[in-house]
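Good morning, and thank you for the time.

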Number of protein chains: 2
Amino acid sequence: MAKEAKTAITPTRAQDYPEWYQQVIKAAELAENSPVRGCMVIKPWGYSLWENMQGVLDKMFKDTGHRNAYFPLFIPVSYLEKEAEHVEGFAKECAVVTHSRLELKDGKLVPSSPLEEPLIVRPTSETIIGEMYSRWVQSYRDLPILVNQWANVVRWEMRTRLFLRTAEFLWQEGHTAHATKEEAIKETNKMLRVYEDFAQNYMAMPVICGQKTEGEKFPGAVTTYCIEAMMQDRKALQAGTSHFLGQNFAKASNIRYLSENGSQEYAWTTSWGVSTRLIGGLVMTHSDDNGLVLPPRIAPTHIAILPIIRDEASAAEVMQYCKNLQSELSSICYDGKPLRVELDARDIRGGEKAWGWVKKGVPIRLEIGPRDIANNSLFMARRDDGSKQAISRAEFVAKVPEILTQIQNNLFAKALKYRQDNTVKIDTKKDFYDFFTPQNEKKPEIHGGFAMAHFDGSAEVEDMLRQDLKVTVRCIPLEGDGEEGICPFSGRPSKQRVVFAKSY
Amino acid sequence: MAKEAKTAITPTRAQDYPEWYQQVIKAAELAENSPVRGCMVIKPWGYSLWENMQGVLDKMFKDTGHRNAYFPLFIPVSYLEKEAEHVEGFAKECAVVTHSRLELKDGKLVPSSPLEEPLIVRPTSETIIGEMYSRWVQSYRDLPILVNQWANVVRWEMRTRLFLRTAEFLWQEGHTAHATKEEAIKETNKMLRVYEDFAQNYMAMPVICGQKTEGEKFPGAVTTYCIEAMMQDRKALQAGTSHFLGQNFAKASNIRYLSENGSQEYAWTTSWGVSTRLIGGLVMTHSDDNGLVLPPRIAPTHIAILPIIRDEASAAEVMQYCKNLQSELSSICYDGKPLRVELDARDIRGGEKAWGWVKKGVPIRLEIGPRDIANNSLFMARRDDGSKQAISRAEFVAKVPEILTQIQNNLFAKALKYRQDNTVKIDTKKDFYDFFTPQNEKKPEIHGGFAMAHFDGSAEVEDMLRQDLKVTVRCIPLEGDGEEGICPFSGRPSKQRVVFAKSY
């Protein structure tokens, strides 16, 4: 481990944060850009992480009464048009399918067989799912419908970035329909809290639950709720949203039901989603200048065992010892499932091997050579705090679930402290502008963090701050302190402080 | 259960097989057509079945060393062109994306911002994955690559049918790259056997493992292997394929590696896939004139408990008894996991409720009323053989895993017998034509079944039979009897009998 003085990732966060982010993803082999504009390839390590995240979320959805289904990839253009704000929000960047065949012309394949009506690749599925629900719902007995879909969606973004903003991404979208407004609002909030639980307790990523302003809400929603997290460049990441759609989409899609007292009523709907964007948030919450750092509860591998082979003579013994240990550890339960333990027997230099696991973010690395075996001990390196220690095999085996829990909690505590340290109450326009104005022109990404300031709720103030500082209201926190005040930008009254920040 | 004399599905298999198939799917709420041409909606019951199938297959893939990844939905047209047979096979029916924006013109949304190069929605991913592999593979140390993808794909079929042939479908596609031809062939066969295991031991669907003829193989493959199953109309369904691609795609995508002795070599690749088509096969293997019949190992629900409420007085007691039973059964292990038990407390007529579960194919239905409770017994109905009996609660609880295993085995045995009863060795052209010519002109779907006949391997014979009878060689069985003979159509020698059939 002679290299330890240097960092494994170049540049470091301080040198060039955006480039550091790309390099962490590359070094961890999470994903890479593909030759298809804006579309990424999620590599096995990244996909395995996504599978673990999916597994936890899927169980949470089912435990709250939802079932999965699958709806078409394509949406007829006429469906998109049904909801005015919705079409405004999504028509500007979508993949449009216009032909159903390729034909050879002058030695080149060109589109032929034009479609009667163009189709778009779904950017989100409210309209097509609404159409199906209108067929499924006749009476109040058919409600609620509580359905989720795991799917790919496409939004033709101009500037893309691995996980954070890609033309195609993977997500889940829940779509529910209810007989009453109250029930739909309750569902919207319930799912926001599911996301909060997942982000904080599994991803170890602290989030603020809040409501979006009119200017930032989902096109077609009555109210959008969100979870917002602070990244290490102190920008905000919207990590999940839950929308109360009122009767907007029910009216657009004609989802009506016969009520218990015989009247025809429109249903009340919701939708809620999180995506592979969460992986970008995970990277930027915990990673350091040596690469990815993974919270144990969703890590593809909890423990990497590295046999240290010094000579031919002891090689077989070391390998056997490591195999036995792997098998013993794999029978131990952590978080309700067997520990995920990998034995890295690749024939490469020890340093390269160790750094590989550091960069991949595996919570615990064990190095085991003949001397360790003789002492009945292990060399344990923790990824979260970089600590290294010799520990007796028996003690490690007895304590490993506890150590992983410590790592999980430590990552959350560290991230929470970072957010608290970079969140400031601000009461004047000058302080606000200073907070968000970079001190160093060469490092425009360095700025204050989250500003908790009063806000009059007007679009003028939001527009001004967006234009002047690229700062927006990230959310109106649900857990506010209830302190009324004066908006420092307009002098008008404000009901509570809101979260202002730059954002992804 | 007074209706039992009538069938739950109209028409019956004998009356109109194709329509019976659609009605079984409708009655079981597996899926339905969407307003998007050729695209289906997989409803929660159908999707839950797919999730169970995915779970088993995914574990099989991981147990054989594969990992999941995700590749782009879109493929540039120039990639498709790289492999001549491949483009020939897929260009004729694909969704072509030509624009990245919709614009309002004269009150109508029309495509705008044309793409420089059109993209197609993946019909299969050999070309785009090949491109990525060419970047990932440098040396023999990078091989093998053993990756699988769960994804949606699109083939613009003109005539579609739920599950069997839809424009969009869900599938998995494994793509592997190897240093040697032998290793790639071994992989191709290994995955064919994984599919055989899954089809027979989980879906209870007997299959014949075989090789496709030149005329029926995958566009771009050197050899295509398949599993073929017989449906209840005696047609064959290709249920899964595994392709040895030789160096065709490695050359098209330039997947090269530095060998151990320093030379540059092309890799050898394979691909293999099964899709939601399997659900169509499942429906047509086991269902009867009362609806779907599910093999326990993949059924979303193993047991449905129906409380029989005769009066207000006993209602609470019956419900409590059923809840206790549900909880007791849910703690019993079947096939390595807890039993999946549903308690149907809906306030609808008992007959309607019971028929609902019959049509959904749930393996065991329990009906429990005050008299059963008094006798400490249950009324048990088995979906596979329609048997009904009173059984003591204690006996049922003790025997339920065994009963489910019996059901699973019974379904397989019944399907195997059906295939054997409808498979005939044929040695003359006249017998062959008689076998496949419908006896009744009004029922063109009624014909012989599988004909085991000799075949000279020529395209002429295949073309003739396709044209005359719509019959093709389904596969050259891997487990043949080694009996050489004479092709009854050409008089030329034949190495073994092959499977001829009409097919989906």
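This is a predicted model: local features need pLDDT of at least 70, side-chain atom pairs count only at pLDDT 80 or more; totals for chains, interfaces and linings use all residues.

I begin with the symmetry. Chain A is superposed on chain B by a rotation of 180 degrees, with 0.0 Å of shift along the axis and an RMSD of 0.0 Å. The two copies are therefore related as by a two-fold rotation axis. Within chain A, Val97(A) has the C-alpha nearest that axis, at 2.1 Å. Both copies use the same surface, given that 98% of the contact residues of chain A recur in chain B.

Next, the core. Which residues touch the most other members of the largest nonpolar core? They are Phe74(A) and Phe74(B), in a core of 80 residues. Leaving aside residues up to four places away in sequence, Phe74(A) touches Val97(A), Leu119(A), Ile120(A) and Val121(A), and from chain B it touches residues including Val36(B), Cys39(B), Ala95(B) and Trp156(B).

Turning to annotation, an unreviewed UniProt entry lists residues 46–295 of chain A as "domain: Aminoacyl-transfer RNA synthetases class-II family profile". Over that range the chain is 31% helix and 34% strand, and its end C-alpha atoms lie 14 Å apart.

Finally, the helix pair. In chain A, the axes of helix H2 (residues 44–63) and helix H6 (residues 181–201) come within 11 Å and cross at roughly 145 degrees. The crossing of H2(A) past H6(A) is right-handed. Among the residues that meet there are Met53(A), Leu57(A) and Phe61(A) from H2(A), and Met191(A), Tyr195(A) and Phe198(A) from H6(A).

Note on methods:
Residues are numbered from 1 along each chain as its sequence is written. Chains are lettered from A and ligands numbered from 1 in the order in which they are written. Side-chain values use heavy atoms; hydrogens and water are left out. Copies are superposed by least squares on the C-alpha atoms of residues with pLDDT of at least 70 in both. Contact means heavy atoms within 4.5 Å. A nonpolar core is a set of buried Ala, Val, Leu, Ile, Met, Phe, Trp, Tyr and Cys residues joined through side-chain atoms within 4.5 Å. Buried means under 20% relative accessible area, exposed over 50%, partly exposed in between (1.4 Å probe, protein chains only). UniProt positions are given in the numbering used here, feature names are shortened, and annotations may be inferred rather than shown by experiment. Helices (H or I, at least four residues) and strands (E, at least two) are DSSP runs, numbered from the N terminus. Axes are lines fitted to C-alpha atoms, for helices over the stretch in contact, and angles run from 0 to 180 degrees between N-to-C directions. A crossing is left-handed if the near helix is turned anticlockwise from the far one by less than a right angle, and right-handed if clockwise.
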